[in-house]
Amino acid sequence: MPKVDDAHFAARRRQILDAAAACFAREGFHRTSVQDIVRESGVSAGLVYRYFTSKDDMIAAIVTERHEQRERRLREDDPVAAYTDLLRDLGDPATHAALRLSLQVWAETVRSDRIRDLVRSGVDRPARLLAGTALPPDLDAESVVRIFIAIYQGLLLQTVLDDTLDHAALAATAERLLRTVLPATH
């Protein structure tokens with residue numbers, strides 16, 4: 001049997017994760033079966049199980065990837081601009097399914113310690129990133145991060161509930177608030 005190269009492996013994995021994310025966003029974690037993911041992805045059930053042992057593994061992979069993507073953006077030269085871009089992106093109609101999926105992930109933290117730990121790491125890592133930033137002495141870095149994560153989460157929820165929000169105005173306001181607290185960046 002020929003060896004599967006890394007690019008092929010990554011492409012198949014991506015195909016399965018994209019299908020799983022689409023199914024989860026549409027039907028939720030518990031109403032989506034592996035057979036639904038098989039149908040959506042166009043691959044065999046055996047191949048799905050070759051890459052993932054369970055739906056929980058797929059959920060964990062999706063959560064991990066999304067946190068890594070956001071963290072990469074926040075590591076840019078200007079984390080304030082990166083953060084406000086994330087807020088603007090909430091208004092992009094192409095993100096609607098991802099927003100629905102995020103809400104389901106947060107709800108899943110009540111049921112699954114594994115998912116709760118992954119989601120928690122998505123809060124803890126940005127807090128550690130900001131900890132190295134020179135903040136005014138009366139501000140706690142973790143508190144600042146958690147407040148702005150709460151703003152992001154709240155705006156995500158509001159976006160799912162109300163598609164008429166002005167995300168550009170919300171992002172501009174958040175940027176102004178952040179720039180009053182954080183020192184100038186590159």
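Reply: Let's start with a term: helices here are DSSP runs of H or I with at least four residues, strands are runs of E with at least two, and both are numbered from the N terminus. The model is predicted, so local features need pLDDT of at least 70 and side-chain atom pairs pLDDT 80 or more, while totals for chains, interfaces and linings use all residues. Residues are numbered from 1 along each chain as its sequence is written, and side-chain values use heavy atoms, leaving out hydrogens and water.

Me: At what angle do H5 and H9 pack, and how far apart are their axes?

Reply: Two packed helices are described by the angle between their axes and by the distance between those axes. Axes are lines fitted to C-alpha atoms, for helices over the stretch in contact, with angles from 0 to 180 degrees between N-to-C directions. Here H5 (residues 79-89) and H9 (residues 167-181) pack at about 155 degrees, and their axes are 8 Å apart. That makes the two helices roughly antiparallel (over 145 degrees; under 35 is roughly parallel, 65 to 115 roughly perpendicular, the rest oblique).

Me: Which residues of H5 and H9 meet?

Reply: Contact means heavy atoms within 4.5 Å. From H5 you get Val80, Ala81, Tyr83, Thr84, Leu87 and Arg88; from H9, the residues they meet include His167, Ala171, Glu175, Leu178 and Arg179.

Me: Which residues of H5 are buried, and what do they pack against?

Reply: Buried means under 20% relative accessible area, exposed means over 50%, and partly exposed is in between (1.4 Å probe, protein chains only). In H5, the buried ones are Val80, Ala82, Tyr83, Thr84, Leu86 and Leu87. They pack against H4 (55-74), H8 (141-161) and H9.

Me: How many salt bridges are there?

Reply: Side chains of opposite charge can pair when their charged atoms come close. The rule is a side-chain nitrogen of Lys or Arg within 4 Å of a carboxyl oxygen of Asp or Glu, and the count comes to 18. Glu65 is buried, at 17% relative accessible area, whereas Arg13 is partly exposed at 26%.

Me: Which salt bridges link residues about one helical turn apart?

Reply: Here are two. Asp36 and Arg39 meet at 2.5 Å, N to O, and they sit three residues apart in H2 (residues 34-41), about one helical turn. Asp36 is partly exposed at 21%, but Arg39 is exposed at 55%. Arg179 has 34% relative accessibility, which counts as partly exposed, and so does the 21% of Glu175. Salt bridges can also share partners: Arg13, Arg14, Asp18 and Glu65 join into one network that way.

Me: Is Phe29 buried or exposed, and what does it touch?

Reply: Phe29 is in the loop between H1 and H2, yet at 4% relative accessibility it counts as buried. Leaving aside residues up to four places away in sequence, Phe29 touches Phe24, Lys55, Ile59, Leu101, Gln104, Val105 and Glu108. Look at Gln104: 75 residues from Phe29 along the chain, with the C-alpha atoms of the two separated by 7.6 Å.
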